[in-house]
Amino acid sequence: MSNPATPQKKRLGFFSRLLDDTPAGERYRLVTEQIIHAEALGFDSVWVAQHHFHENEGGLPSPLVFLAHVAQRTQRIRLGTGVVTLSMENAIRVAEDAAVLDLLSGGRLEVGLGTGGTAESFAAFGVDGSERGAVFGRNLQRLRAAWRGDVLPGGVRVYPQAPQLLQRLWQATFSVEGAQRAGVAGEGLMLSRTQPRPDQAPGLSLPEIQNPIIDAYLAALPPGGAPRILGSRTLFVTDHREDALHWAEIGLRRLAQRHAQAVAGPFPRVDPQAPLEQLIAAYDVHLGTPDDVIASLRADTALARTTDLVFQVHSIDPPHQAILRSLELTASAVAPALGWAGPAATASAAIEPALQAA
């Protein structure tokens, strides 16, 4: 009998914060192309983040609108929000938009939620940032009630009905307490690609921080509940390691410079002039050839316990063609080595033309 703490069969996802170095419309076009490519390679899911106002942190304020567009350009890949910042949203409107999108996409929507956002983002929406957790909790209850079909104030019910989405909720968290809440609710757990280290233990590795979160989630699941654990990681795979290091040098130093100037936020604080290897470690990045990345990820004991391997190129943010090639190498070499049993024939058929053109 398999241990539920160490799922054997993995699903593979591609995550994007839509940060290609172009104007907004071109960002959306390029990421749509990346998602279509990921579907052709056999990826099981795609996830997009919601960020308001800060184009250098995330380029998409309206993930459900964008995913409705993607739904019309794809056939099979599941469409996930990673995450909707529910503490800044009207929960009933989220419930309605998600219900419509799920119908338009043929039942492919996965709804990841989080508290998220910087202080000024909350202020613009008339929310006190210090109350984000409480606001999130209230909005989550309203969202669940709407999808259950409960009678809402005014004696109305949400249309179209979408009780199926209650089985596709995910909660993002940095904490044991958040994992317990997701587990008790029987919902999915979303783990970040990196997260702040405790002040009293700045040298902890990401798995050392996230394994207790996974433990708490599994312990809180209802009896017989199937775990859904999404592990997001920064992954940039190249044919030659020096190419990965070149783009990491540009992207990670740029990121470290922005974070050094920020007055607040859950960011690693690292000298922008530090050696590149220190930046790679600080931002929990996995990069290089397939063999390099496989070795790096196999050392990640938290990732080994997930049900969903979800990879993003942020915050390296290489060019579009390099992202496409990273997706190809991830599907053909890296993910299978980590337990993904995807449609190899489909992936091979899609990769072969790219190899011939290289």
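**Pockets, a cavity and a helix pair**

Modeller: The second largest pocket has a volume of about 410 Å³. Bear in mind that this is a predicted model.

Biologist: Which residues lie closest to the centre of the second largest pocket?

Modeller: Leu19, Asp20, Asp21, Arg254 and Asp317 do, out of 26 lining residues. Elements giving two or more residues to that lining are H1, helix H8 (241–261) and helix H11 (320–337).

Biologist: Which element gives the most to the lining of this second largest pocket?

Modeller: H8, with 6 residues.

Biologist: How do the residues of that lining divide by class?

Modeller: Into 11 nonpolar, 8 polar and 7 charged.

Biologist: How many cavities of 30 Å³ or more does a search of the whole structure find?

Modeller: The search finds 1. About 70 Å³ of space lies in the largest cavity.

Biologist: What makes a space a cavity and not a pocket?

Modeller: A 1.4 Å probe fits in a cavity but cannot get out, whereas a pocket is an open set.

Biologist: Which residues line the largest cavity?

Modeller: The lining consists of Gly13, Phe14, Phe43, Leu235, Phe311, Gln312, Val313, Ile323, Ser326, Leu327 and Thr330. Strand S1 (11–16), strand S9 (308–312) and H11 are the elements that give two or more residues to it. H11 gives the most, with 4 residues.

Biologist: What is the class make-up of the largest cavity's lining?

Modeller: It has 7 nonpolar residues, 4 polar and no charged. Gly13 is in this lining, and Gly counts as polar.

Biologist: Now the helix pair. At what angle do the axes of helix H1 and helix H2 cross?

Modeller: Helix H1 (residues 24–40) and helix H2 (residues 63–73) have axes that cross at roughly 45° and come within 10 Å.

Biologist: Why is H1 called oblique to H2?

Modeller: Set the angle against the cut-offs. Under 35 degrees would count as roughly parallel, and 65 to 115 as roughly perpendicular. The crossing is at roughly 45°, so H1 is oblique to H2.

Biologist: Is the crossing of H1 and H2 left-handed or right-handed?

Modeller: The crossing is right-handed.

Biologist: Which residues of H1 and H2 meet?

Modeller: From H1 come Tyr28, Val31, Thr32, Ile35 and Ile36; from H2 come Phe66, His69, Val70 and Arg73. By class, this contact has 6 nonpolar, 2 polar and 1 charged residues.

Biologist: What makes these residues a contact?

Modeller: Heavy atoms within 4.5 Å.

Conventions. Residues numbered from 1 in each chain as written. Predicted model: local features only at pLDDT ≥ 70, side-chain atom pairs only at ≥ 80, totals over all residues. Heavy atoms only, no water. Axes fitted to C-alpha atoms, helices over the stretch in contact; angles between N-to-C directions. Parallel < 35°, antiparallel > 145°, perpendicular 65-115°, else oblique. Left-handed = near helix turned anticlockwise from the far one by under 90°. 1 Å grid on protein atoms, 1.4 Å probe; cavity = no way out; pocket = protein on both sides within 12 Å on 5 of 7 lines; lining within 4 Å. Points joined across faces, edges and corners; volume = space filled by probe spheres on them.
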